[in-house]
Amino acid sequence: MAEPDEFGRREHPHISINAFREATQYEYPTRAQQRKPLRDDYAAHADALLDQLSQALGAMPAPGADLRLVIQGLKAGTVVEVVTRPPDEASRAKATKVPAGLDFTTQDIVVLRTERRDDRSESALLFVPDDARAFLQGRIAAYGRDPGNARRTDIDRFEVLETFVAAPVRSLFVGDVDFDAPDILWWELWIQGWSGRAERVAVLARAANLDVHADRLLFPDTTVIFVHAAVGRLTTFAGHIPGAVAEIRRATGTIEPFLDRGAGGIAHHDWVAELAGRVLLPSDGAPVVCALDTGVAAEHPLIAPGLRGAWAYDAAWGADDHAPHGGHGTAIAGLILYGDLEPHMNGAQPIALTHNVESMKLLPPNGFPATTPPSYGVVTQGAIAQVEIERPGETRAFCLATSAVDFPPNRPSTWSGALDQVASGAMLGDAADGVPASEATKRLVLVATGNVSGGLMAHVMPSQPIEDPAQSWNALTIGGFTRKEQLPAPPPALEPSVPANHRSPFSRGSQSLPDDLTPIKPEVLFEAGNMLTDDAGFCAWHEAVSLLAPGSNVAAEPLVPFWATSAAAGMAGNFIGRLQAALPELWPETYRALTVDSAAWPQPIRKTLIGRGAHWKTGSKADKQKVLREVGYGVPDIDRAVLSARNDLTMVAEAEIQPFAFGADGRSAVFNEMHFYDLPWPRAALEQIENEIVTMKVTLSYFIEPNLTGKAATRPDTYRSFGLRFAMKKRTETEATFRARINAAQERDGSASEKETDCWLLGPKAVQAGSLHCDLWRGYAVDLAGHDAIAVYPVGGWWKSHAGQRRVTDRGRYALVISICAAGQAVDLHSEIVAQVAVREAVVVEH
């Protein structure tokens, strides 16, 4: 009999399961709705709300004294703040959410912005037109009246509301703002409604002697304009246009590429020349990874063989690498081409490049003014458009290793939203008449988490939140781990800050972000280097535990140490380039899914999740999610991403889906399509090894079109165009029971409780935000044998809720990756599945 190691040899292609997909229509379940009353006295609650609302609205302006400016299509009105009742202390609820029904669109009563509070309540800025005051007051009064045996009117809208208060203009501003500061700064004005309203606001702002930039960021319900003004004047202006502005933010201006190098480089021209002599050029048509950074030293002997283009967002900047201390973009380009140069320098084998690199300078050099507006959403989209104009039709991914500290990552920003548009093909200029969303250009974007600076270990080591734009839903966010713990020679009094195979001290995570509102970030880790710590507990970078990369000063320092999540992003670019070269026909969504599917945690991290038994370590799923929000799904393995083994295989599906359709009335939107996969399951092989431990990993990847409104901070379903979920058939379920369960779960956004023994790491309740969903099943092989079907189904999004956008019937697409691992077992899972696929495909051809 063959040895187990032979069953683990990676020499088989992944298996397509497209032929096993069945599309079905969603059926609404019928079930009685029972709810526990939240209020003891509804009449008293309604009276309190009416009193508060009256005070918050205040008196109508007297004729001739109304300072509000006229905006076509926007009624004169007032903005008030409403706050929900916080959950009881014993409640496990994440928060009491602002009801979606507070928008009375026929009366132009709209929620401008929502926000989560520390006490788990939520607040909203509500715009109430003057002519809708009586309407809103009448609805609240009707809610307070005794309904008899009928259901209480508008209970879903008003029951959770605790207070109405006046909303001063300053409440539109997000973040810490010094309202007494005289400085003239760039600001983002998020204009509610159609783009024509934003242009009218821009005209009025110029008439008020405010400087308005011509660039715009366009989202379905919001247009972002950029105004250059002192905060006092801007506040006065915003007070004259209530209801037009959903929120105001400082325009992102502080980009932190973490370029400090310290003195000294590694100038070994002979090493560079020797390695360059071993480089074999990529093949014609090889894929490319574009670095969006500080430029590149195009003449570097290690860069030139794989460089296919170098440009700058502003041609006056030049395409060279302007970053000090050995450059930044050059090092990233080198890591994209080769990975860490250290093992190549220590080897003697030919280096066959599988992919190319491009450089687009995103940041202005010293001596040049900052871009206007200082919005890196605008700049990033413009830079990407230039690259695609220069070299159209390439298989390409984009790598962004810079971050900003101006904006908190617990909600979408204009930069992260712009990246989501880039990935989904929703940039201005992407859309063509008659081209459905599913056929728009999709792009894979890699973005670094941002970095932790050196300092005292007590401050450096705890997980710190990612930086803007790493919260992007569609981007693959890259964190860092390290294998480097070699001390310098001769060793000073220093120690590695973390042991090998731990999270890099430089890397950030999303532990402190709301887990129901933000995606798990980072998704994966790559080598980022380590820090060294002295005997006083101070830690910092050191070249001994850094990566080796090409430097921008070719004559003096052709090799430089490179570290932190910039290095990890470059390593991720190398991985994606190799993956695209090996599997050239797949979608960007699929490359992202395969990267996550191939990832595994290094052993020290793995021990925090897996005990000695068949299942996961004891403890709550919330605690396990916190681990993932620090380290993601682990470190990707290129061999596993490209090929399967007999006892460790990967199944892949790529599909289009129409999530929503018009209902019977022809106006409102309903759920439409679900996909069921009757999987080609290795039941016999799994039963053969019965009580051995196996792992299944399911990864669902798709790109949403973002809707950057003020509500997106607390309502993921208003930010995404559509959402998808997956659910596995339980081993005790019939097919009919499984499908009925999925219909019910669709309305609850996948939050149904599990009664069967739960072998999942996270479970369905962990799935809220994001456009990549991954979970792992771990248990006995004989139990996995019964999980032989999976469903992919939609949940809400603005395509459904915003029928006026005319996107209800649009189609999206997704990649589904399922892997089964019986590592160390002499069992052939792959052949059993391949045999079933051959039979199914023969039947399809016959018919």
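Start with Arg807: its relative accessibility is 18%, so it counts as buried, the cut-off for that being under 20%. Keep in mind that you're looking at a predicted model.

Next, select Arg10, Asp597, Arg640 and Asp648 together. Salt bridges with shared partners join these four residues into one network.

How many salt bridges turn up in a search of the whole structure? The count is 47, and two further ones are worth a stop.

Pick Glu22 and Arg739, whose side chains form a salt bridge at 2.8 Å, N to O. Glu22 sits in strand E2 and Arg739 in helix H20 (residues 735–747), so this pair ties together parts 717 residues apart in sequence. Glu22 is partly exposed, at 38% relative accessibility.

Then jump to Arg216 and Glu199: here the closest N and O atoms of the salt bridge are 2.9 Å apart. Arg216 is in the loop between strands E8 (211–212) and E9 (217–218), while Glu199 belongs to helix H5 (residues 195–207), 17 residues away.

Last stop, the surface: select Asp40, Asp41, Asp47 and Asp51, which gather in a patch of negative charge. Zoom in on Asp41, in the loop between strand E2 (21–25) and helix H2 (42–57). Asp41 is partly exposed, with a relative accessible area of 45%.

Note on methods:
Residues numbered from 1 in each chain as written. Predicted model: local features only at pLDDT ≥ 70, side-chain atom pairs only at ≥ 80, totals over all residues. Heavy atoms only, no water. Patch = residues over 30% accessible without salt bridge, like charges linked within 9 Å, V, L, I, M, F, W, Y side chains within 5 Å. Areas by Shrake-Rupley, 256 points an atom, 1.4 Å probe, with all protein chains shown as cover. Lys, Arg positive; Asp, Glu negative; His and termini not counted. Charge placed at Lys NZ, Arg CZ, Asp CG, Glu CD. Helix = DSSP H or I, 4+ residues; strand = E, 2+ residues; numbered from the N terminus. Buried < 20%, exposed > 50% of the residue type's maximum accessible area, 1.4 Å probe, protein only.
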